[in-house]
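Biologist: I'm new to this one. Could you walk me through how to read it, one feature at a time?

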Amino acid sequence: MSHTPDLKGSSFTLSVLHLSDNDVDKTIHFLQQKVEQAPAFFAQAPVVINIEQVAGDIDFTRLKQGISQAGMIPVGVTGCKDKRTQNLASQAKFAVMSASKSPSQAPATMAPTKVIRTPVRSGQQIYAKDCDLVVLNHVSEGAEVIADGSIHIHGTLRGRAIAGASGNQSAVIICNKLNAELMSIAGHYWLTEQFPEQFWQQKIMFSLDNDSLKFELLTI
């Protein structure tokens, strides 16, 4: 058995902030608002900055400081169009990253489904590693349910539900009554104010389709 360190490739789900311009102060204000709205989800969350759509120079040093001050962890920059932009990002101690084009997949072998029969109370966090999660009760406001697979909630979802936590983009969230604070699939998320009104307090399925989140009403 080797007792030396080893360095291997792996994959993790990171939040990606897509910028449309080089207004750093606007970006920092946006991040501060997001952390205030859902601190349990965003606080200390690693974030990658996608600058593919940005024209003009970016103050990367100011951006990195602002991300840290907002309570998130700046990891890297992707979408650099030329070597000069890469150098500017590197000088600010950002990792220069290339986005992968291949979709994330579920683990080759999924574990048995994790079933929770009791209500998930405020402040609780349930994590179903490498498997689906079934909650046969309610998820309270301030509670968080996380699964590497899909999540099925037979009661009301008032807290946060995070499916595909390890990057599985085919994961879904199904709940009997939508009243959530936050929902996420494979790192893509919506907060309460982003939910279309017609799905509120309805039985729904939440999924990711071509990098776009969507709700579907379930009638059975």
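Modeller: Let's start with a definition: helices (H or I, at least four residues) and strands (E, at least two) are DSSP runs, numbered from the N terminus. Ala-147, for instance, sits in strand E8, residues 144-147. Before going on, note that this is a predicted model, where local features need pLDDT of at least 70, side-chain atom pairs count only at pLDDT 80 or more, and totals for chains, interfaces and linings use all residues. Residues are numbered from 1 along each chain as its sequence is written, and side-chain values use heavy atoms, with hydrogens and water left out.

Biologist: How many helices and strands does the protein chain have?

Modeller: Four helices and 15 strands.

Biologist: And what about overall size?

Modeller: One handle is the radius of gyration, taken over C-alpha atoms; the globule rule is 2.2 Å times the number of residues to the power 0.38. For 220 residues, a compact globule would come out near 17 Å, and the protein chain has 19 Å, which agrees. Along the principal axes, the C-alpha atoms fill a box of roughly 55 × 55 × 30 Å.

Biologist: Back to Ala-147: is Ala-147 buried or exposed?

Modeller: Buried means under 20% relative accessible area, exposed over 50%, and partly exposed in between (1.4 Å probe, protein chains only). Ala-147 has a relative accessible area of 0%, so it is buried. Of the chain's 220 residues, 40% count as buried.

Biologist: Which residues is Ala-147 in contact with?

Modeller: Contact means heavy atoms within 4.5 Å. Leaving aside neighbours within four places in sequence, the partners of Ala-147 include Tyr-127, Cys-131, Leu-133 and Ile-162. Thr-85, in helix H4 (residues 83-91), is another case: Thr-85 is buried at 15% relative accessible area.

Biologist: How do I read strand pairing?

Modeller: Two strands pair if DSSP finds at least two bridges between them. Strand E9 (residues 151-157) and strand E11 (residues 173-178) run parallel, joined by five bridges. Ile-151 stands opposite Ile-173 in E11. E11 also pairs with strand E14 (residues 204-209), in the antiparallel sense, over three bridges. There, Phe-206 in E14 is the bridge partner of Ile-173.

Biologist: What about backbone angles?

Modeller: Most residues other than glycine have a negative phi. Lys-93 has a positive phi of about 70 degrees although it is not a glycine. Lys-93 is in the loop between H4 and strand E4 (95-97), and at 65% relative accessible area it is exposed. Gln-201 also has a positive phi, near 60 degrees. Gln-201 lies in the loop between strand E13 (188-191) and E14 and counts as partly exposed at 41% relative accessibility.

Biologist: How many charged side chains are there, positive and negative?

Modeller: Lys and Arg count as positive and Asp and Glu as negative; His and the chain ends are not counted. The place of a charge is taken as NZ of Lys, CZ of Arg, CG of Asp or CD of Glu. The chain has 19 positive and 20 negative side chains, and the centres of the two sets lie 5 Å apart.
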